[in-house]
Amino acid sequence: MGVAGTGKTTVGRLLADALALPYAEGDAFHPAANVAKMSAGTPLDDTDRWPWLDAIGEWMRNRAGRTGGVVAASALKRVYRDRLRAASPGTVFVHLTGERPLIEKRMAERSGHFMPTTLLDSQFDSLEPLQADELGVRVDVSGTPEEITERALAALRGLPAPTA
């Protein structure tokens, strides 16, 4: 999870590979209307996000009790994460965090993505960082994707074992 440009796709794929889990790109779950809205520079509102979150939640639910999976999704607000956890209890979040200038630079350098840098402020405005009672870790996004992934894996290993 995290704002646009933090490397959710790249790090998510690397985490999935390292953990030998299936990967899903959260952007692929957006209805066409959401992609068109963001491409036009208009931030999504909660009404736009509910069907998207429900589709991601279904993907997650279908992996619950099996090997699990890794999905990259912004999940910026607590209520969004609560909705995902309702679909798949025990979900662990990796919150990719970083300084705005670094993230903006990375967004400006990427090509072929529908999210313009003009929406970055709306992402930071909506962001509600992981709270102490949410199962997950915060990982700084400075460095290479491989370094970020290693930090994420180390942080995940540091979480307490799940209880039955």
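Predicted model: local features only at pLDDT ≥ 70, side-chain atom pairs only at ≥ 80, totals over all residues.
Which helix gives the most to the lining of the largest pocket? It is H1, with 5 residues.

Rolling a probe the size of a water molecule over the atoms shows where empty space is left. Here the largest pocket has a volume of about 970 Å³. Its lining counts 38 residues. Closest to the centre are Gly69, Gly90, Thr91, Val92 and Phe93. Helix H1 (8-19), H3, strand S2 (70-72), strand S3 (93-97) and helix H7 (145-157) each supply at least two lining residues. By class, the lining has 26 nonpolar residues, 8 polar ones and 4 charged ones.

Thr91 sits in the loop between H4 and S3. Is Thr91 buried or exposed? Its relative accessible area is 12%, so Thr91 is buried, given that buried means under 20%. The side chain of Thr91 reaches the backbone oxygen of Ser88 at 2.5 Å. Leaving out residues up to four places away in sequence, Thr91 touches Met60, Leu84, Arg85 and Leu135.

Now turn to the aromatic rings. The count comes to 1 aromatic pair. Trp50 and Tyr80 form this pair, with 5.7 Å from centre to centre. Their planes stand at 85° to each other, and the pair is edge-to-face. The pair links distant parts of the chain. Trp50 belongs to helix H3 (residues 46-61), Tyr80 to helix H4 (residues 78-87), and the two are 30 residues apart. Tyr80 has 1%, so Tyr80 counts as buried.

Last comes the backbone. Most residues other than glycine have a negative phi. Ala20 has a positive phi, near 55°. Ala20 lies in the loop between H1 and strand S1 (23-25). With a relative accessible area of 66%, Ala20 is exposed. Ala75 also has a positive phi, of about 45°. Ala75 is placed in the loop between S2 and H4. Is Ala75 buried or exposed? At 2% relative accessibility, Ala75 counts as buried.

Technical notes: Residues numbered from 1 in each chain as written. Heavy atoms only, no water. Phe/Tyr/Trp six-rings, centres within 6.5 Å; stacked < 30°, edge-to-face > 60°. Helix = DSSP H or I, 4+ residues; strand = E, 2+ residues; numbered from the N terminus. Buried < 20%, exposed > 50% of the residue type's maximum accessible area, 1.4 Å probe, protein only. 1 Å grid on protein atoms, 1.4 Å probe; cavity = no way out; pocket = protein on both sides within 12 Å on 5 of 7 lines; lining within 4 Å. Points joined across faces, edges and corners; volume = space filled by probe spheres on them. Nonpolar A, V, L, I, M, F, W, Y, C, P; charged D, E, K, R; others polar. Polar contact = N/O pair within 3.5 Å; in protein donor to acceptor, adjacent residues only side chain to side chain. Contact = heavy atoms within 4.5 Å.
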